[in-house]
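Q: I am new to reading protein structures. Could you walk me through one, feature by feature?

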Amino acid sequence: MNQNFYLKRLLELKDNFSVKVIAGACGVGKSTLLKAFAEHLSAEGVDHAEIIHITCAADGRLKSYRDLYGLVAERTADLERFFLLVDDVDRVAESEKAINALFAGEPAEIYVTTSSGVLVEKIAALLPDNCDVLKIYPPPFDGTEDDLQRYLRFGSLPVTSGVDENILPRILRGAAYEMLFDIAEKNPAVDAGLIRVAASFLAQSVGKPVNFKGAGENNLRKLKLSLHAVTDSGLFVKVPRLDVKSGNVLGGGDKFYCVDNGILRALAPTVDEAALIENAVCVELLRRGFEVFSGKCGAMNITFAATRGNGTIFIQVFSDMSVRRATRPLRALPDDAETLLIARNPVKSFGDVKAVTLRDFLLNV
């Protein structure tokens, strides 16, 4: 279901004279999507020779952008038109230069996958009017109330599909280790041990403002480098703080959320259910294309302010407090503000604040 959704999105971008960048954390299905796209092209009648599929992680020759450009130029010298599919392009140093040169000088449809947010920005900067970014996340929740607890505890990475719950923790620990190893490989200047520390720190801090109090100057520099490597990989997403009255993004108080609940628990096994619910809501908002902030309304906090297009929805994720108290920040907003209270179990709407269960929200009911 998830792959079909993203494949449809990718096909909608076909033939629109742009570089298509498929971005997402390691393990969410980028390579599978690219393979499915190649199979679709073949089924459409595109000649196999015109589909240039390169897997950078498997080709030791591809060290720099010159190597990538040279390989593509060699394989396409006699082609009038071709589809270039490059998987894991962030393994090639300065690959944005090769992508830019190939787009400008070759009759190519270019599709690349990456887990690097920085590389996405670099490609977009070189091709500001000719770059489409498709961000992908693990499959959405699509099940019964009984399935919801599994989703909260074990997430929905493709590697967990159909796996018995008794062995899921081991599978997810392995997936988390593979993700951290991938980050370390792509960031050789950053200590691998610190990458593990940073990922664990962010997992334990999910839903809380992150600060670095108590870290010495040298340790702070190293910690920030490792945190940057982890967040650039797409494993965690930063949620800035927004003053909802002024509309200004505030400095400091950023929160971080993990793209999959199963990986979150593998990195922080003691994380509580309230954090798992909040994390699941944040990822679902991102999956639906919202830009997500944490809200500040005077002295009160709103879990999320999610914007898309010209609209903003203010969301309070309900935990162990009264509905009156939970909805208080939402009721302080202007009357025309769209508000939503999300609870694990059914609760009654309070005033103008609509209440929905977590399952209904995840199913977009």
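Q: How many helices and strands are there in the protein?

A: Helices (H or I, at least four residues) and strands (E, at least two) are DSSP runs, numbered from the N terminus. The protein has 13 helices and 12 strands. Before we go on, note that this is a predicted model, where local features need pLDDT of at least 70, side-chain atom pairs count only at pLDDT 80 or more, and totals for chains, interfaces and linings use all residues. Residues are numbered from 1 along each chain as its sequence is written, and side-chain values use heavy atoms, leaving out hydrogens and water.

Q: What percentage of the residues count as buried?

A: Buried means under 20% relative accessible area, exposed over 50%, and partly exposed in between (1.4 Å probe, protein chains only). Here 50% of the 365 residues count as buried.

Q: How do I read a pair of aromatic rings, and how many aromatic pairs are there?

A: Such a pair is described by the distance of the centres and the angle of the planes. Rings of Phe, Tyr and Trp (its six-membered ring) pair if their centres lie within 6.5 Å; planes under 30 degrees apart count as stacked, over 60 as edge-to-face and the rest as tilted. This rule gives five aromatic pairs. In one of them, the ring centres of phenylalanine 37 and tyrosine 111 are 4.4 Å apart with planes at 45°, so the pair is tilted.

Q: Where in the chain do phenylalanine 37 and tyrosine 111 sit?

A: Phenylalanine 37 is in helix H2 (residues 30-44) and tyrosine 111 in strand E4 (residues 108-114), so this pair, 74 residues apart, links distant parts of the chain. Both phenylalanine 37 and tyrosine 111 are buried.
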